[in-house]
Amino acid sequence: MSRKIIGPFSRVEGHLEIDLNRNGPSVVDAQVNSPMYRGMETILLDRAPMDALTIVPRICGICSVSQSVAAAQALAKLSDVSPPKNGQLVTNLVLACEMLSNHLTHFYLFFMPDFARDIYANRRWYNNALRFQAQRGNAQAEVLDARNRFLHMMGELAGKWPHTLALRPSGTTSTVHAAQKRKLKTILTGMRRFLETTLFGCPLNDMLALKSRSDLHTWAKEGRGDLSFFIHLSEALSLDKMGKSQSVLLAGGGLPLENKKLFKQGIFKEQHFAPLPVDKINEDISHSFMAGATMQFPQNAKNDPDLDQNNAYSWCKAPRLGSDRCEVGALARHVINGHPLFCDLYAQEGSTVKSRIFARAWEMAFLVDAMENWIDQIDPNAPFYTPFTPAQNGQAFAFIEAARGTLGHWIGVEDNKITNYQIIAPTTWNFSPRDQAGQPGPLESALEGAPILSGEDDPVSVQHIVRSFDPCMACTVH
Amino acid sequence: MSHTNALWLQCGACGGCSMSLLGYEGTNLLDAFDSAGIHFLWHPALSETSGRPVIDLMIDIVSGKTKLDLLIVEGTPLLGPNGTGRYQMMGGSEKPMITWLIELAHKAKYCVAVGSCAAYGGIPMAGDERLEATGLQYQSRQIGGLLGEDYRSGSGLAVINIPGCAPHPDWIVETLSCLADESLSAQDFDPEGRPLAYFGHLAHHGCPRNEYYEFKASAAEDSDQGCLMENLGCKGTQALGDCNIRPWNGSGSCLQGGYSCIACTMPGFEDPGSPFLETAKIAGIPVGLPSDMPKAWFVALAALSKSATPQRVRENAHSDKIVHQPTRKKATN
């Protein structure tokens, strides 16, 4: 048995270090750490509640909008206001734009380049993987161009990305006139074309029509796009068995419109759906560089950094639902949505490198479809914002679905000053350290048994498994 | 042309500067760096390499074995707790990031702070004092920072600051490209190390709400089209940057998005002393007046322009869309 610390990781958002115990051809166990602490929540204390709209997006540059939307929703609940329909539509479009561009960036720039590494040079499929090579592969420039044209939607609706202030508790400061509606449609059509010709190699509707794992495999056999190449890789490298995470699936729900949500809230535990028991969400700091009670609830938690804590190895807290570790993300939310394709895929394969990556890619088709519908519903003559006075006292929380999964914000306000602000980010769930029972977090458990190829010092399987969660360490340790 | 070697490191960062960088347009980022001859030894978001080879690379730079032309830093250097730098260890190295930064900065031909965090400390400066947050050569407005007032890179220049939260990708890519072909010298930077090409402007220049500003026709609600300076915290007349001349993500800017400039390019923006989206006033007059404007003149001109405001401008200022069009001149015979 030997110990090995792997870091720094490129192509993950933020800082990551992994401490592996390895024995012969596989990983025995792992500890996950983000070696950086900024204390974002303490910045918010004693400030006016609306200042959260400026501070929280700056937790994270890659999913900045998701932080803005969660803060705006928590502030809306605090003040008992809601956006008019146009405001909700624009908020949803901006968030979906970020999710989709995040998924695209992750697949092409962060995840796929690992298959073009030298270690795979003698594989039959290697020449096809060179398209994804970091900085040099053809796909890299194509994707940057497509991504940037798509982000023009941010220029139209959010002013800029990252770090917008257009999203407010009661609507948006940006408005959309009739010609702009047309422009949004044009931008979206550009993304549809890119996905159809390059990623999926088929009409989006064909992707949305898949109902089972066998549908998926039939589609992939004839597929011409980059995603079917990934499915072939999954077979060649057994990615459908690699990095299995056995955790409760959790979704906070999100992208609401008129009492319906595109993503439902709930959990999937021991093959059963159940409502999310919000009051059971807690954070265990037994292995975190944090002083205070071992189990904390986000309504009244403290952030007191302390590098001298016994047993601590991570700046990340360990969120738990009761005592369960939970996995969040695209796969979790589509299982919880009850989509037949993902229910079947999850039942047969579980959460693995393959199913997590595929769910995220498939979701791009799903989002384009929803976005087209939202643009159509914008009424340029109706308001986008409702004037309101922020509440000066109270407590509230909000959940949204961000690119990487469920994001929760909890706020407490007294005399117009923030007295508590707690954030549980998606990767905080997925990359949590051990809890007081010694139970590893989802990634830590997914790394157990990871294969090590002969002669490997930094196992490439660890790179695949880590990135298959699309970690955002900036959010994780905020 | 010989390669310009670049190394990009992230300190206490949100990663937003790298994300903004990826959004470079005109050509894509990879072609732009190619055209400038910039070769990334390592970039955390773009490079294939992870783990030990990255640490080995940094060791080789420090030992002088590998030359480093551009050291580019994103995020806030964290000195805490108690000067140890342990709030940010460089992954895989068991060594604080600040120790690496100091060693690497003394080997680099140019040292570039990308974003307000690396330049001045930025958002983490507003939080827990135990972080001991700082910029590379400034701590907020105070010169010094991590590297000290006297620091000069191999080129003889102080740290080059490209502030903004996040900065425009053009500011980053063009500045790095000009450094690569050695077309910038000390005279191209202001006394705080900012490239004058962009930071010789105010965010106010090109503001889409210029007419409302001229007449002091001010917005009262967040959705109003009027000028955001008087009530809603806009600092565009005091913040450096060509933000409203240079479109963001195709066509945007903060003002195009309908919200105030929070002066994110300026040191100390993280702690305005009052809520970000409200204008601090004394006796009804904004505390922060436009750059270079004497207070008495501002007050006099504001009163005059308010009394001269056309009804069209006044009504549009309090609406979320244009309700009054400019009057068309009647055709004369």
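Is A:Cys60 buried or exposed? A:Cys60 is buried, at a relative accessible area of 0% (buried is under 20%, exposed over 50%, partly exposed in between, with a 1.4 Å probe and protein chains only). This is a predicted model in which local features need pLDDT of at least 70 and side-chain atom pairs pLDDT 80 or more, while totals for chains, interfaces and linings use all residues. Residues count from 1 along each chain as written, chains are lettered from A and ligands numbered from 1 in written order, and side-chain values use heavy atoms, without hydrogens and water.

**View 1. The annotated cysteines of chain A.** An unreviewed UniProt entry places a "binding site" at A:Cys60, A:Cys63 and A:Cys472 (in the numbering used here, with shortened feature names; annotations may be inferred rather than shown by experiment). They span 413 residues of sequence, yet cluster in space with a largest C-alpha distance of 8.4 Å.

**View 2. Around A:Cys60.** Beyond four places in sequence, its contacts (heavy atoms within 4.5 Å) include A:His163, A:Cys472 and B:Cys14.

**View 3. Around A:Cys472.** This residue is buried too, at 1% relative accessibility.

**View 4. A buried salt bridge.** A:Asp470 pairs with A:Arg404, their closest N and O atoms 3.3 Å apart (a salt bridge is a side-chain nitrogen of Lys or Arg within 4 Å of a carboxyl oxygen of Asp or Glu). Both A:Asp470 and A:Arg404 are buried.

**View 5. A salt bridge in chain B.** B:Arg130 and B:Asp128 meet at 3.0 Å, N to O. B:Arg130 is partly exposed at 38%, whereas B:Asp128 is buried at 13%.
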